[in-house]
Amino acid sequence: MLPAQPDFAETQTVGPDTREQYVVASPGGPLGERPIVSAGVSLARPGFRFVRRRPRQAAVLCCFGGEGEVWVDGRWRPCRRGQAYVLPAKSGHAYRAGARWTVGWATYGRGAGTLPVAAETSPLLLEFDPEPLRAALLGLVREARGAADPVAVRHWSELVHLHLERLLRRPGRERRLDRLWAKVEADPARPWNVPTLAAELGLSEERLRQLSAADLGRSPMRHVAHLRLTRAAHLLRASDMSAERIAEEVGYADPAGFSRAFRRWSGLPPRSYRNGGDFAV
């Protein structure tokens, strides 16, 4: 049986029953200078499992069928058809297959492309329409592994990139939430709750929950916790403040509660993180 949370050590297990079609960029290769570094479609079976502590590349993993599990906000969550697991660079993440899991994926290198995920600091689970992206990924892989016409590959690659941008930017996105989260970041110690957050924007509590789920894939208070712990991680590395003082600075009245929350979020207790441990889930 798999553990309740990922091992801290990096693992990559594909398994002999997994079938994959993919393409990887290389100088003069089929992807050339396109923003996508690698892309593919995988039919994953039990045993398919990845854990990454500080990946150098951003990535998006999209479920086209079946079910797997992904690590988000300190817990395993199911990832089913029409859901995308968004992975910023240097953000610890993990995922594993259920009985049968069909996923498409793409990775982006440093400075390659302009995916909005670059502004995030932890994985997200979002809803999306899977069919257009599935068709574009299959078109890219089949062309790159077949005729490999440079013009055709370029167009397929740009189409995949377009669908991923749409998935992440989601036209009509509520920009008011950006202003709200900026206020939370500026004053993380304030006793935020859903009523106070909603009041900042003049929204009902239910409407705020809906917008937060659609925009971030998490509840308002989970995102508040994420912002607080992100700030705490910065202070642990950039200051000599005690963990107790940092807990107070970011809105945790109970140092022990802060330590538990930080460990769930990062995979490490505050002291280990300060002493140079990497972000791990």
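## A first look

The largest pocket has a volume of about 610 Å³. Of the 25 residues lining this pocket, Phe50, Arg52, Gln57, Tyr95 and Thr107 are the closest to its centre. Please keep in mind that this is a predicted model.

**The largest pocket**

- At least two residues of the pocket lining come from each of the strands β2 (19-24), β3 (36-44), β4 (49-52), β5 (58-72) and β8 (93-108).
- Strand β8 gives the largest share of the lining of the largest pocket, with 5 residues.
- By residue type, the lining of the largest pocket holds 14 nonpolar, 6 polar and 5 charged residues.
- As background, rolling a probe the size of a water molecule over the atoms shows where empty space is left.

**The protein as a whole**

- The secondary structure of the protein is made up of 9 helices and 9 strands.
- The protein has 281 residues, and 47% of them count as buried.
- Among contacts in the protein with a separation of 6 or more, 72% are between residues 24 or more positions apart.

**The nonpolar cores**

- In soluble globular proteins, nonpolar side chains tend to be buried together.
- The largest nonpolar core here has 25 residues, and the members that touch the most others are Cys62, Leu133, Val160, Leu164 and Leu167.
- This core takes at least two residues from each of β3, β5, β7 (83-87), β8, β9 (124-127), α1 (130-145) and α2 (150-169).
- Helix α1 supplies the largest share of this core, 6 residues.
- Setting aside neighbours within four places in sequence, Cys62 is in contact with Gln83, Ala84, Thr102, Val103, Gly104, Phe128, Leu133, Leu164 and Leu167.
- There is also a second, separate core of 21 residues, which includes Phe48, Cys63, Val72 and Leu87.

- Not counting residues up to four places away in sequence, Leu236 touches Ile246, Phe262, Pro270, Tyr273 and Arg274.
- Leu236 and Ser272 are 36 residues apart in sequence, and their C-alpha atoms are 9.9 Å apart in space.
- Arg231 also has its place in helix α6, which covers residues 220-238.
- With a relative accessible area of 38%, Arg231 is partly exposed.
- Arg231 and Ile246 are 15 residues apart along the chain, with 9.0 Å separating their C-alpha atoms.

**Two loop residues with positive phi**

- Asp73 sits in the loop between β5 and β6 (75-80).
- Although Asp73 is not a glycine, its phi is positive, at about 55 degrees.
- Ala148 is found in the loop between α1 and α2.
- Ala148 is another residue other than glycine with a positive phi, near 55 degrees.
- Is Ala148 buried, exposed or partly exposed? Ala148 is partly exposed, because its relative accessible area is 30%, which falls between the 20% and 50% cut-offs.

Key: Residues numbered from 1 in each chain as written. Predicted model: local features only at pLDDT ≥ 70, side-chain atom pairs only at ≥ 80, totals over all residues. Heavy atoms only, no water. 1 Å grid on protein atoms, 1.4 Å probe; cavity = no way out; pocket = protein on both sides within 12 Å on 5 of 7 lines; lining within 4 Å. Points joined across faces, edges and corners; volume = space filled by probe spheres on them. Helix = DSSP H or I, 4+ residues; strand = E, 2+ residues; numbered from the N terminus. Nonpolar A, V, L, I, M, F, W, Y, C, P; charged D, E, K, R; others polar. Buried < 20%, exposed > 50% of the residue type's maximum accessible area, 1.4 Å probe, protein only. Contact = heavy atoms within 4.5 Å. Core = buried A, V, L, I, M, F, W, Y, C linked by side-chain atoms within 4.5 Å.
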